[in-house]
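Please keep the sequence and the coordinates in view while reading.

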Amino acid sequence: MTAASLLALYARCPACDLVGPPESADYAVTPDSTVDWTSPRGPEIRCGECGHLHTITEDDVLAFDAEHACTRCQHATACPASAARVQCGECGLVGFGPASSNEVLRALTTDTEQLRRLQQRQQIQTVKALAGLTATRTGRAER
Ligand SMILES: [Zn+2]
Ligand SMILES: [Zn+2]
């Protein structure tokens, strides 16, 4: 599977402290399509939980010492035991990882994702407001 190299980059996010599949990964590749760690431009990954953009080194990539069973297709995907989220290597569904069996961590994961959605909505509203397209302005005038 070609997406395997991207899915393999599980690293702990320095911002939210969660481990999950990166939302995006930008890195140089070697001729045999693996991550080129010798490139001066280290892999830059965006946290799938909080959206934090950070650069990782080879030491940051977590080893796959556990397995995640997909709730949709039952496929077993290798992953780090510390992963709060795991993306199924077969169907692509993102589910709770092994670390989410801890209720505190599971709550932190869903809270982080929810907070990010709220922030994104706010950002969109700010951009709209700046562009003079906001519905909130109409709301204020009507008050
Ligand atoms: Zn994060
Ligand atoms: Zn699946």
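This is a predicted model: local features need pLDDT of at least 70, side-chain atom pairs count only at pLDDT 80 or more; totals for chains, interfaces and linings use all residues.

The expected span of a helix is 1.5 Å times one less than its number of residues. Helix H2 covers residues 103–130, and because its 28 residues should span 40 Å at 1.5 Å a residue, the separation of 40 Å between its end C-alpha atoms agrees with the expectation. H2 is hardly covered: two of its 28 residues are counted as buried. After H2 comes Gly132, which has a positive phi near 75°.

The chain contains three helices and nine strands. Read from the N terminus, the order of elements is α-β-β-β-β-β-β-β-β-β-α-α. Of the 143 residues in the chain, 22% are buried. Among contacts between residues at least 6 apart in sequence, 44% join residues at least 24 apart.

Turning to the strands, one finds an open sheet of three strands, with the order E3-E4-E5 and antiparallel pairing. Its edges are formed by E3 and by strand E5 (53–55), each of which pairs on one side only. On average, neighbouring strands of this sheet are turned by 20° against each other, direction ignored. Between E3 and E4, which run antiparallel, there are three bridges. Within this pairing, Ala25 stands opposite Ile45 in E4.

A further antiparallel pairing joins strand E6 (residues 66–69) to strand E7 (residues 76–79) over four bridges. His68 has Thr77 of E7 as its bridge partner. E6 and E7 form a hairpin in which six residues lie between the two strands, and Gln74 in the turn has a positive phi of about 70°.

Positive phi values also occur in loops elsewhere in the chain. Where is Asp17 placed? Asp17 lies in the loop between strand E1 (11–12) and strand E2 (19–20). Its phi is near 70°, a positive value in a residue other than glycine. Asp17 is partly exposed, because 14 other C-beta atoms lie within 10 Å, a count between the limits of 12 or fewer for exposed and 20 or more for buried. Ser33, in turn, is placed in the loop between strand E3 (24–26) and strand E4 (44–46). Ser33 is likewise a residue other than glycine with a positive phi, here near 65°. Ser33 counts as exposed because it has 10 C-beta neighbours inside 10 Å.

Is Gln87 buried or exposed? Gln87 is buried, since 24 other C-beta atoms lie within 10 Å. This residue belongs to strand E8 (residues 85–87). Gln87 and Pro21 are 66 residues apart in sequence, yet their C-alpha atoms are 6.3 Å apart in space.

Conventions: Residues are numbered from 1 along each chain as its sequence is written. Chains are lettered from A and ligands numbered from 1 in the order in which they are written. Two strands pair if DSSP finds at least two bridges between them. Two residues are in contact if their C-beta atoms, placed from the backbone, lie within 7 Å. Axes are lines fitted to C-alpha atoms, for helices over the stretch in contact, and angles run from 0 to 180 degrees between N-to-C directions.
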